[in-house]
Amino acid sequence: KIGAPAIPEFALGAIAPGDIQLIDEASVLNTRTTPDQLRAILDRERADLERRELAYRDGRPPVEVAGCTVLLVDDGLATGATMRAAIAALRQRNPARIVVAVPVAAPSVFQRLSSEADQVICLHMPQWLESVSASPSAWVWSVSAVASESASFSFALHGFSLSLVGFRNSRCVTPYCNSLVSLTTSTSSK
């Protein structure tokens, strides 16, 4: 996520492997982010993305996704910037399908992602969603931050290969992020 200088939780855009860079120029203007500030944030986030990729992969190549169905899960989508970057990065790798699953999303983000992913599953779409972390407990049961090391260990413990596509400050709906996909109320698929 490329967070605004004064409000880091507000996404000005996002980056992902494969030289993906999505910047919302209107958000940059609305937050009065200067070009120098944006460059500094982008440089810092690119270095962090590279560091995380090395740490999560632990010397392994990216997981092969060509011809596979890929499930992208997030704790919720206020702007959708990081999910859009993840989808763009995955599209370069030719998956058969990309499915997005979230407990909460802004309606406009749901609509936009419905044209970018092959399927979007969302439990709740409040008319106004300022940030996922400020969501009432009725939307998201538990949104506790999960350290990168814990996520890597948890996936390895359960026999999964973790491949970083582009995320920061990941959160899980459950400790193992597995119950969300069975709970669907709103879906969109191509």
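Is Glu 53 buried or exposed? Glu 53 has 16% relative accessibility and counts as buried, where buried means under 20% relative accessible area, exposed over 50% and partly exposed in between (1.4 Å probe, protein chains only).

## Basis of the model

The model is predicted, so local features need pLDDT of at least 70 and side-chain atom pairs count only at pLDDT 80 or more, while totals for chains, interfaces and linings use all residues. Residues are numbered from 1 along each chain as its sequence is written, and side-chain values use heavy atoms, with hydrogens and water left out.

## A pair within helix α2

Glu 53 forms a salt bridge with Arg 57 (3.2 Å, N to O); the term denotes a side-chain nitrogen of Lys or Arg within 4 Å of a carboxyl oxygen of Asp or Glu. The two residues lie 4 residues apart in helix α2 (residues 35-57), a separation of about one helical turn. Helices are DSSP runs (H or I, at least four residues), numbered from the N terminus. Arg 57 is also buried, at 15% relative accessibility.

## Other salt bridges

The whole structure contains 10 salt bridges. One of them links Glu 45 and Arg 44 (3.8 Å, N to O). Glu 45 is buried at 5% relative accessibility, whereas Arg 44 is partly exposed at 49%.

Another salt bridge joins Glu 9 and Lys 1 at 3.4 Å, N to O. Glu 9 is partly exposed, with a relative accessible area of 39%, and Lys 1 is partly exposed at 26%.
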